[in-house]
Amino acid sequence: MIEAILIFLGLAVLFGILLGYASIRFKVEGNPMADQIDKVLPQTQCGQCGYPGCRPYADALANGEAEVNLCIPGGTEVMIEISEITGLEPKAMDEAASEPKPKETAIIDEDLCIGCVLCIKECPVDAILGATKMMHTVIQQECTGCEKCVPVCPVDCIDMIPVEVTTKNWKWPEPNADKEKGK
Amino acid sequence: MNLLSSVIKLVAKFNPAAKRWMHSFNGGVFPKYNKSLSASQPIRKQIIPERLILPLQQQVGLTPEVKVQVGDKVKKNQLLAQPSKDPFKALSVPVHAPTSGTIVAIEPVTLPHPSGLQDQAIILEPDGQDESIDNVLGVDGSIPDSPLALKAILLNAGIVGMGGAGFPTYAKIPNQAGKIHTLLINGAECEPFITCDDLLMQTQAGDIIQGALITAEALGAERIICGIESNKPAAIKAMKQAASNTKVEIKVVETVYPMGGQKQLTLELTGVEMPHKAHAVDVGMLMMNVATYAAIYHAVKFGEPLTSRLVTVSGLGLKQPYNMNVMMGTPFSALAREASPKSELNYPLVMGGPMMGFKVANNDVPVIKTTNCILANPPEPVEMQMPCIRCGDCMDACPVNLLPQQMYWHSQAHEFDKVEKLNVFDCIECGCCSYVCPSHIPLVQYYRHAKSEIKEIHAEREAVELAKQRHEFRLARIEREKQEREARLKAKKEAVKKQTSKSSEATADTTKKPASAAAAAAKAAAAKRAAAKTKTSQSEGQETNKVPSARMKAIEAAKQAAQKSAAEKTASQPEESKPKQADTKSAAKQAAMMAAKKRAQAKAQKSEEPTDLTQKTAETDASKKEDARKSAMQAAKAAAKKRAEAAKTKNKETESLSPDAATEKPETDSSGDKRKAAMEAAKAAAKKRAAAKSQNSDKTEEQIKPVDTSAEQTETDTSVDKRKAAMEAARKRAAERKAKQQAEKQDSDEQQENPQ
């Protein structure tokens, strides 16, 4: 009887020590879940989720402070991925976000631009080029299409236009896609 | 061997698949060839259509730049469009006029592309004279002695792979001689209906062999092997005759589709199976189509650019199928009409063969460099698609040993990562699987769709990564700016305090030099940055610094910054310039001069290095971009500091210099300053790239000059010009990245060179 108790006590102490050591030795800095979530987010840095960027939203999700369905550019796909990572229940997206939108980029009407630099300050990826009282322009390849610059423009010279389809980014259509939709 | 083949023929009567034992790659199919339709006809006389449509984008790569205007009169072989800069990176080739005439328009037209999209094209109205410029490429007819010389000719002649994929030929050739030991000639032409290579071999066998010999000579290749399918006895005879007494070996290969695929024919001829993701060049082999060799011969010997090609016009809907040496830009419909169609051509024509070709969106699309066949087959009733029964026929037919049904399954379910793991990118889209499928599933369509989806996913992932980096950089920059502002403010406050205490206490220590508050602040910020970056052992006590030593240090910092970036950069634009007396200018000028000198030296050193691979510079460009930006800012700061010093010491040097470099500008708000710095950095990066580019080109010295002058110009530029320069730099950077991506993409594209 006493032996059994001692054995189990000994084991308990041993494992306690082992676990205690492991928790110090293999401590993970930061929250790995936040990194994982950050990877699946579209990185438009648009702030439509209510957080100041993709990373803050990922942090909030990892800490369980945010809903899974806030990423509007990511749409349903990203929402499902987030819920898989966090283990939270998937939630329906808002009406506006349920339809996937083709990728758009901002373009500045250079004749109208007054050079106020407001959009430059707003752009999360430094994709707008220009200087005070000088015309601005958007570096198309670097624009993420977050639309943050659109509302701040005092002369409404920024438009969002869909990316043009050329022979380079043209995609082969899926065979029988129409038929399947019809079903 | 004969016994074996006769046994196989016997077995094949009961089991058609037995024919597959005769060739070395897996699978393959034996479609009805229908080649006699057009092969039996002699080559027809060239027609000059009413108008020629010359799309700028005839192949992969960037779009070349138009060199003519609407209304211009051009002659045959005249250059119409040329890749704007560094064509070796752009993967694009020039466009030449196929005949003499007038440019009537430059407008978007429908391309002979499966998408049916439109793109810019030059419309040429022939005058019927067909006047030509001889030897437009300026060759002397001698064999190029190095791969680079050959590449230059091929690029200027606008030669692309004429088998189907249209990859620029120069891009396939390695830069160093001796890398290719075996040159392969692809005369297989395995697709049904197509006979243009067959007739080319019959009529121009000598040209093909000569083209191959020239290429082999330039590349230092030891062996030349030509593979021709056994169903072209006339071509085999002609080629054997032309190849007698040369080192060219003619090998007759089995007639099976897709024998003309690059990897399949290489395996058949040499027994070497191309590894996954490797190009033929990686295993020391280079394969080109017979028509490409003939074009090489004409370019090297006579300086003729590629402006026409042999095209098969065939199909069950035509009464008189034929082959013709067609001018580039001739509309399909004009050629089809020549063959007296059985019924009105109200169905879409097909570009390419029945296995790999595609229906064009509009029958008026032009012949381009990759058009080998125009097919007019009246529409047949479409077989109903049935569910996959997992019979595995597709797997047996696949010439690349893939698992077509698995890929189909996953493509259908949109599990593209799994499709990619099944090596869908090794698929050559030959269509054997669709051909044998008893359920009539358009398998190839599924793979093409999956491929473009996967490519998009990859591109998106890259874009996301870039956006993330840029965002993080921005956050870091904002944070740094904030700290700098605070530091400046602090320094300013201290200086003011010191001055007030000094003025109030007349008896105080006078060893400290009087310093203007602003100058001290500027100096503090600049020196701190310089110290942190260049690791000069500079003390932080700016207020007590002795004047000469501080000046020396500033110069040293500027020098180091200049050296570090290993390229020119602008050190002339001070960040925190203030309105100052005229005499301070000369010091600033000196600083600018010094920086310019350093820059020139760095450039000279660079250009002295042996001109090397373009890849190398691309890499360094990418890696140094950040560096250059940082160091440019740093240099600017150092210059500012120097100026501040100069102001303080009343400046002894009075060298008269031209009015100039450093534009003194009133300080705007701090955000303005940052932008200026950014623009400076962009400019520096742009110049560096320009220098790197000129290094690559053949005429290094000539090109450096304009760069130099542009560098000087920018220094003396007004702010408007600066803005332009900055924007241009940004655009260049973007273009560069695009080109790089393009190149990568093209690499993978080339792998699946269409079999013809």
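The questions and answers below go through helices, strands and a chain contact in a predicted model.

User: Why are helix 4 and helix 10 of chain B called roughly perpendicular to each other?

Analyst: The axes of helix 4 (residues 147-157) and helix 10 (residues 290-302) of chain B cross at roughly 105° and come within 10 Å. Angles of 65 to 115 degrees count as roughly perpendicular. Helix 4 and helix 10 of chain B are therefore placed in that class.

User: Which residues make the contact of helix 4 with helix 10 of chain B, and how do they divide by class?

Analyst: Helix 4 of chain B contributes Ile153(B), Leu154(B) and Ala157(B), while helix 10 of chain B contributes Ile296(B), Ala299(B) and Val300(B). The division is 6 nonpolar, no polar and no charged. Ala, Val, Leu and Ile are among the residue types that count as nonpolar.

User: What makes helix 4 of chain B largely enclosed by the rest of the structure?

Analyst: A residue is buried if 20 or more other C-beta atoms lie within 10 Å of its own. In helix 4 of chain B, 8 of the 11 residues are buried, so the helix is largely enclosed. The buried residues are Pro147(B), Leu150(B), Lys151(B), Ile153(B), Leu154(B), Leu155(B), Asn156(B) and Ala157(B). Just after helix 4 of chain B, Gly158(B) has a positive phi of about 70°.

User: What makes up the contact of helix 2 with helix 3 of chain A?

Analyst: On helix 2 of chain A, the contact uses Met33(A), Ala34(A), Ile37(A) and Asp38(A). On helix 3 of chain A, it uses Cys54(A), Arg55(A), Ala58(A), Asp59(A), Leu61(A) and Ala62(A). These residues divide into 7 nonpolar, no polar and 3 charged. Asp and Arg count as charged, and the contact includes Asp38(A), Arg55(A) and Asp59(A).

User: What makes strand 13 of chain B largely enclosed?

Analyst: 7 of the 7 residues of strand 13 (residues 308-314) of chain B are buried, so the strand is largely enclosed by the rest of the structure. Both of its faces are covered. On one side the buried residues are Ser308(B), Leu310(B), Thr312(B) and Ser314(B), and on the other they are Arg309(B), Val311(B) and Val313(B). In a regular strand the side chains alternate between the two faces of the sheet.

User: How do you know that strand 13 of chain B pairs with strand 14 and with strand 17 of chain B?

Analyst: Pairing needs at least two bridges. Strand 13 and strand 14 (residues 322-327) of chain B have 6 bridges in the antiparallel sense, with Asn325(B) as the bridge partner of Leu310(B). Strand 13 and strand 17 (residues 373-375) of chain B run parallel and are joined by 3 bridges, with Val313(B) opposite Ile374(B). Both pairs therefore meet the cut-off.

User: What makes strand 2 and strand 4 of chain B edge strands?

Analyst: The open sheet has 4 strands in the order 2-8-7-4 (chain B), with antiparallel pairing. Strand 2 (52-55) and strand 4 (73-74) of chain B each have a single partner strand, so one side of each lacks a neighbour in the sheet. Strand 7 (residues 101-110) and strand 8 (residues 118-126) of chain B pair over 9 bridges. Thr102(B) stands opposite Glu125(B) in strand 8 of chain B.

User: How many residues does each chain give to the contact of chain B with chain A, and which helix of chain B gives the most?

Analyst: Chain B gives 33 residues and chain A gives 27 residues. Helix 16 (443-504), helix 21 (670-696) and helix 23 (719-751) of chain B each supply two or more residues to the side touching chain A. Helix 16 of chain B gives the most, with 14 residues. The side of chain B that touches chain A has 12 nonpolar, 10 polar and 11 charged residues.

Notes
Residues numbered from 1 in each chain as written. Chains lettered and ligands numbered in written order. Predicted model: local features only at pLDDT ≥ 70, side-chain atom pairs only at ≥ 80, totals over all residues. Axes fitted to C-alpha atoms, helices over the stretch in contact; angles between N-to-C directions. Parallel < 35°, antiparallel > 145°, perpendicular 65-115°, else oblique. Contact = placed C-beta atoms within 7 Å. Buried ≥ 20, exposed ≤ 12 C-beta atoms within 10 Å, placed from the backbone.
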